Amino acid sequence: MMNSKIEILVPELIYDNLKIEIASGDINIEDIELNNADINSKSGNIKLNKSKTADLDIVSGDITFDEIETGKITTVSGNIIGNNINDINARTISGDIRITNINKSCQLSTTSGSTLISNLNVLNNSSIKTISGDVRVLKGNDVYYDTSTVSGNIYVEKNNRFSKNELKISTTSGNIY
């Protein structure tokens, strides 16, 4: 067994497609802009700086992103942490989802973990689901929050039943804020 590092330096341009498939190791992509990133790994962490679309899939490890227009993000055992995204479909089995800004729509799911969204601007129907964990949206736009929990409490400050957009939030064992 030995540790090795591969570093690829490219000019600062916009690149169309980047596809990476590895068995194990951290992937850190920064200082370049991509139109499409497709990254698959069995173990290790993924860090992506900027991409129009992203399909990020890892079995064991955290996924971190900074700016994505549309993303499909999946990890079995790890956290999903991001800053700015328009449309996101994210799922983790064992880990938290923490995103600073969602600007259009989301489909978020975690089986054993909490979800924290700092700023949510839903322009299309969206959903957040946890099996065992809390859901917290710190700031949201004027939407209808359809909430349900089996074992937990629900705290919703502003809820517009007449909004054309709906955010469905459900948890089996956890609180909704």
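## Start of the chain

Ile-6 sits in the segment before β1 (14-24). Strands here are DSSP runs of E with at least two residues, and helices are runs of H or I with at least four residues; both are numbered from the N terminus. Ile-6 is exposed, at a relative accessible area of 75%. Exposed means over 50% relative accessible area, buried means under 20%, and partly exposed lies in between (1.4 Å probe, protein chains only).

## About the model

This is a predicted model: local features need pLDDT of at least 70, side-chain atom pairs count only at pLDDT 80 or more, and totals for chains, interfaces and linings use all residues. Residues are numbered from 1 along each chain as its sequence is written, and side-chain values use heavy atoms, with hydrogens and water left out.

## Overall build

The chain has 11 strands and 0 helices. Its pattern along the sequence is β-β-β-β-β-β-β-β-β-β-β. The radius of gyration is 17 Å, close to the 16 Å from the globule rule for 177 residues, so the chain is as compact as a globular protein of that length. That radius is taken over C-alpha atoms, and the rule is 2.2 Å times the number of residues to the power 0.38. The C-alpha trace spans about 50 × 35 × 20 Å along its principal axes.

Of the 177 residues, 36% are buried. The accessible surface of the chain is about 9900 Å², and 47% of it belongs to carbon and sulfur atoms. Accessible areas come from the Shrake-Rupley method with a 1.4 Å probe; for residues, only the protein chains shown count as cover. Among contacts with a separation of 6 or more, 11% link residues 24 or more positions apart. A contact means heavy atoms within 4.5 Å.

## The nonpolar core

The largest nonpolar core holds 36 residues. Such a core is a set of buried Ala, Val, Leu, Ile, Met, Phe, Trp, Tyr and Cys residues joined through side-chain atoms within 4.5 Å. Ile-88, Ile-99, Ile-102, Leu-108 and Ile-128 touch the most other members. At least two core residues come from each of β2 (27-43), β3 (46-60), β4 (63-77), β5 (80-94), β6 (97-112), β7 (115-120), β9 (135-140) and β11 (166-173). β2 gives the largest share, 6 residues.

Take Ile-99. Leaving aside residues up to four places away in sequence, Ile-99 touches Phe-65, Gly-82, Asn-83, Ile-85, Ile-88, Leu-108, Leu-116, Ile-117 and Ser-118.

## A residue in β4

Val-76 belongs to strand β4. Its relative accessibility is 39%, so Val-76 counts as partly exposed. Beyond residues up to four places away in sequence, Val-76 touches Ile-58, Val-59, Thr-92, Ile-93 and Ser-94. Ile-88 is 12 residues from Val-76 in sequence, and the two C-alpha atoms are 17 Å apart in space.

## Salt bridges

The whole structure has 6 salt bridges. Each is a side-chain nitrogen of Lys or Arg within 4 Å of a carboxyl oxygen of Asp or Glu. One of them pairs Lys-19 with Asp-38, at 3.4 Å from N to O. Lys-19 is in strand β1 and Asp-38 in strand β2, so this pair ties together parts 19 residues apart in sequence. Lys-19 is exposed at 55% relative accessible area, whereas Asp-38 is buried at 18%.

Another bridge joins Lys-50 to Glu-67, with the closest N and O atoms 4.0 Å apart. Lys-50 lies in strand β3 and Glu-67 in strand β4, so the bridge ties together parts 17 residues apart in sequence. Lys-50 is partly exposed at 30%, and Glu-67 is partly exposed at 36%. Lys-168 and Asp-146 also form a bridge, their closest N and O atoms being 4.0 Å apart. Lys-168 is in strand β11 and Asp-146 in strand β10 (residues 144-151), so parts 22 residues apart in sequence are tied together. Both count as partly exposed: Lys-168 at 43%, Asp-146 at 24%. Shared partners also join Lys-19, Glu-21 and Asp-38 into one network of salt bridges.
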